[in-house]
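Trainee: I would like to learn how to read a structure like this one, feature by feature. Could we go through it together?
Mentor: Gladly; let us bring it up and start with a single residue.

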Amino acid sequence: MPFANFKVPAGTLTAEQKEQIITRTTDLYAEIFGDRARATTLVLVEEVADAGWGIGGEVLTLAKVGRVGQVTQN
């Protein structure tokens with residue numbers, strides 16, 4: 001059974017975006033493994049609480065991520 005687990009910051013995706021992740025991931029697995037994999041493909045979109053995740057040993061928050069995004073875009 002193909003399985004994909006996406007962990008995203010809570011409140012950052014709409015229901016439509018989550019549906020798109022699930023649909024497109026399922027399509028990708030079916031493309032790779034054949035259409036027989038579609039019925040057994042499990043896609044899990046998990047929302048992680050603010051400050052419940054980090055990179056490189058640093059705890060991240062939506063506020064920090066927002067500042068980083070603004071700085072790198074300028």
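Trainee: Where is Thr 25 found?
Mentor: Thr 25 sits in helix H1. Please keep in mind that this is a predicted model.

Trainee: Which residues is Thr 25 in contact with, leaving aside its neighbours within four places in sequence?
Mentor: They are Ala 4, Phe 6 and Val 43.

Trainee: Which residues of H1 are buried?
Mentor: Thr 25, Thr 26 and Ala 30. Around the axis they cover an arc of only 135°, so they lie on the same side of H1. On the other side of the helix, Glu 16, Arg 24, Glu 31 and Ile 32 are exposed.

Trainee: What do the buried residues of H1 pack against?
Mentor: Two strands: E1, residues 3–9, and E2, residues 42–48.

Trainee: What span should H1 have, and how far apart are its end C-alpha atoms?
Mentor: At 1.5 Å a residue, its 19 residues should span 27 Å, and the end C-alpha atoms are 27 Å apart, so the two values agree. Just after the helix, Gly 34 takes a positive phi of about 100°.

Trainee: What about phi in residues that are not glycine, such as Ala 51?
Mentor: The general idea is that most residues other than glycine have a negative phi. Here Ala 51 has a positive phi of about 70° although it is not a glycine. Its place is in the loop between E2 and strand E3, residues 53–55. With a relative accessibility of 39%, Ala 51 counts as partly exposed.

Trainee: How is a pair of aromatic rings described?
Mentor: By the distance of the centres and the angle of the planes. With ring centres required to lie within 6.5 Å, the count here comes to 1 aromatic pair. Tyr 29 and Phe 33 form this pair, which is stacked, with 5.8 Å centre to centre and 20° between the planes. Both residues lie in helix H1, 4 residues apart, or about one turn of the helix.

Trainee: Is Phe 33 buried, partly exposed or exposed?
Mentor: Phe 33 is partly exposed, with a relative accessible area of 41%.

Trainee: Let us turn to a strand. Where is the place of Asn 5?
Mentor: Asn 5 belongs to strand E1. It is partly exposed, at a relative accessible area of 35%. Beyond its neighbours within four places in sequence, Asn 5 is in contact with Leu 44 and Glu 46. Its C-alpha atom is separated by 6.0 Å from that of Val 43, 38 residues apart along the chain.

Trainee: Now for the whole chain. How many helices and strands does the protein have?
Mentor: The secondary structure comes to 2 helices and 4 strands, and along the sequence the pattern reads β-α-β-β-β-α. Among contacts between residues at least 6 apart in sequence, 62% join residues at least 24 apart.

Trainee: What share of the residues counts as buried?
Mentor: Of the 74 residues, 19%. The protein exposes about 5500 Å², and carbon and sulfur atoms supply 57% of that area.

Trainee: Where is the confidence lowest, and where is it highest?
Mentor: Helix H2, residues 62–73, has the lowest, at a mean pLDDT of 58, and helix H1, residues 15–33, has the highest, at 97. Over the protein, the mean pLDDT is 88, with 89% of residues reaching 70 or more.

Trainee: Over which residues does pLDDT stay under 50?
Mentor: Over residues 68–74, and for these the model has 0 contacts beyond four places in sequence. As a general rule, where pLDDT is low, the predicted coordinates should not be read in detail.

How values were computed. Residues numbered from 1 in each chain as written. Predicted model: local features only at pLDDT ≥ 70, side-chain atom pairs only at ≥ 80, totals over all residues. Heavy atoms only, no water. pLDDT = per-residue confidence, 0-100. Contact = heavy atoms within 4.5 Å. Expected span 1.5 Å × (residues − 1). Buried < 20%, exposed > 50% of the residue type's maximum accessible area, 1.4 Å probe, protein only. Arc of directions from axis to C-beta. Areas by Shrake-Rupley, 256 points an atom, 1.4 Å probe, with all protein chains shown as cover. Phe/Tyr/Trp six-rings, centres within 6.5 Å; stacked < 30°, edge-to-face > 60°.
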